Amino acid sequence: MKVLLTGANGFVGSHVLDNLLARNIPTAILLRPHSDRGFIEPRLAHVEVRIGSLNDRDGLERAMGDVTHVVHCAGATKALRIADFHAVNQIGTRHLVAAIDAQAGRVQRLVHLSSLAAAGSATADSPAREADPPRPVSEYGRSKLAGEQEVLGARHTEWVILRPPAVYGPRDGEFLRLFQTVKAHLLPVVRGGRQALSLVYVKDLAEAVVGCLSHPAAAGRTYFVASPQVISAREMAAEIAAQMSVWTVPLPLPTFALWPVCAVQEGWSRLTGRANVLSRQKYPELRAPGWVCDPSRLKAETGVVCATTLKEGIAQSLAWYRREGWL
Ligand SMILES: NC(=O)c1ccc[n+]([C@@H]2O[C@H](COP(=O)([O-])OP(=O)(O)OC[C@H]3O[C@@H](n4cnc5c(N)ncnc54)[C@H](OP(=O)(O)O)[C@@H]3O)[C@@H](O)[C@H]2O)c1
């Protein structure tokens, strides 16, 4: 097996790279010329770096070189313009699939990172299951669903589509904001704390990704990859506060306050030219009743369980943020 990993320098991809190298799986990584290599600097001596971009089909074909398996972690989770989500998550995936198909069968399997956002929102009473018709509510979610449809069109490789919910853990800059808010003695209570969430700890996700590269039952399957624990953002913030030993006062963020927050963040992103996860397209996700999925198909068919508890995952994230001076 030789793997080509896209998005290797990103949050999720860097953990997938750690997992591949820990198993001594020969790996090549796709980086753009100016990709930040901070997370993976210590790993660069152990991988082949192939320069390319999802927007460059010829470069992708060259990057396929001698690989037998592809893990596609590259994606746009934030964008300055709606079109940018589709350019990366849909059209970029189309180019990747075409480059794989051009190898005429040498690439045996593609593991594709999609998202619960492609399926749409669901509550704890009725969690999202893979057989449900997808109903994405955001442009990000629609672009991830469109990316999945590109993967379904692959002709000369087996595919596996993984749909994680929100991912947290070391190197993540999004949940970091929650840790920082708690450190400032504020406990955000979004929509009365009612929104139920599935989460996945990033090392559990990486284990599932690498497991799906070779598990025979995973071929042609779509899986939610999540901890079986369902929580609210308020419970997560309370656990962070307990582990940091800080007192907090509630910061109510009712539904009507979320849209202006998103609009202001989007305006700031445009001014600075730096995309932010919070934007008006994100608002439908924030006001959804829940983001809960059922990971039982993955367990039943592959034996993979995302076993890290919220308590353990927060402890490991906190330790990393402190060690790296992020908090
Ligand atoms: N984080 C989550 O909570 C979460 C939840 C569900 C699903 N996902 C999915 O997991 C995947 C990874 O997310 P992440 O959180 O790790 O994101 P991330 O940290 O922002 O990393 C994104 C990666 O994609 C690469 N990339 C973006 N555009 C590219 C292009 N045109 N050509 C080549 N590479 C490109 C980036 O490379 P550069 O550094 O060069 O920009 C980076 O390596 C995404 O597909 C995302 O949709 C994430």
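Predicted model: local features only at pLDDT ≥ 70, side-chain atom pairs only at ≥ 80, totals over all residues.
When two helices are compared here, each axis is a line fitted to the C-alpha atoms over the stretch in contact, and the angle between two axes is taken between their N-to-C directions.

**α3 and its partners**

Helix α3 packs against helix α5, which spans residues 139-152, at an angle of about 10°, with the two axes 8 Å apart. Because angles under 35 degrees count as roughly parallel, α3 is roughly parallel to α5. On the α3 side the contact is made by I82, F85, H86, N89, Q90, T93, R94 and V97, and on the α5 side by E139, Y140, S143, K144, A146, G147, E150 and V151. Sorted by class, the residues of this contact are 6 nonpolar, 6 polar and 4 charged.

Helix α2, residues 57-64, also meets α3, and here the axes come within 9 Å and cross at roughly 45°, so that α2 is oblique to α3. The crossing in which α2 passes α3 is right-handed. R57, L60, E61 and M64 of α2 are in contact with H95, L96, A98, A99 and I100 of α3, and the residues of this contact divide into 6 nonpolar, 1 polar and 2 charged.

**α1 and α7**

The axes of α1 and helix α7, the latter formed by residues 202-211, come within 9 Å and cross at roughly 60°, which makes α1 oblique to α7. Here too a right-handed crossing is found, as α1 passes α7. The residues that meet are F11, V12, H15, V16, D18, N19 and L20 from α1 and V202, K203, L205, A206, E207, V209 and V210 from α7; by class they are 9 nonpolar, 2 polar and 3 charged.

| Helix pair | Axis separation | Angle |
|---|---|---|
| α3 and α5 | 8 Å | about 10° |
| α2 and α3 | within 9 Å | roughly 45° |
| α1 and α7 | within 9 Å | roughly 60° |

**The protein as a whole**

The secondary structure of the protein comprises 12 helices and 13 strands. Its radius of gyration is 19 Å, close to the 20 Å that the globule rule gives for 327 residues, and the protein is therefore as compact as a globular protein of that length. Taken along the principal axes, the box filled by the C-alpha atoms is roughly 60 × 45 × 40 Å.

**Around the ligand**

The ligand is surrounded by 26 residues, of which G10, V12, S35, A74 and G75 are the closest. At least two residues of this shell come from each of α1 (11-22), α3 (82-101) and β7 (166-168), and α1 gives the most, with 3 residues. The shell is made up of 11 nonpolar, 12 polar and 3 charged residues.

Key. Residues numbered from 1 in each chain as written. Near = placed C-beta within 6 Å. Helix = DSSP H or I, 4+ residues; strand = E, 2+ residues; numbered from the N terminus. Nonpolar A, V, L, I, M, F, W, Y, C, P; charged D, E, K, R; others polar. Axes fitted to C-alpha atoms, helices over the stretch in contact; angles between N-to-C directions. Parallel < 35°, antiparallel > 145°, perpendicular 65-115°, else oblique. Left-handed = near helix turned anticlockwise from the far one by under 90°. Contact = placed C-beta atoms within 7 Å. Rg over C-alpha atoms; globule rule 2.2 N^0.38 Å.
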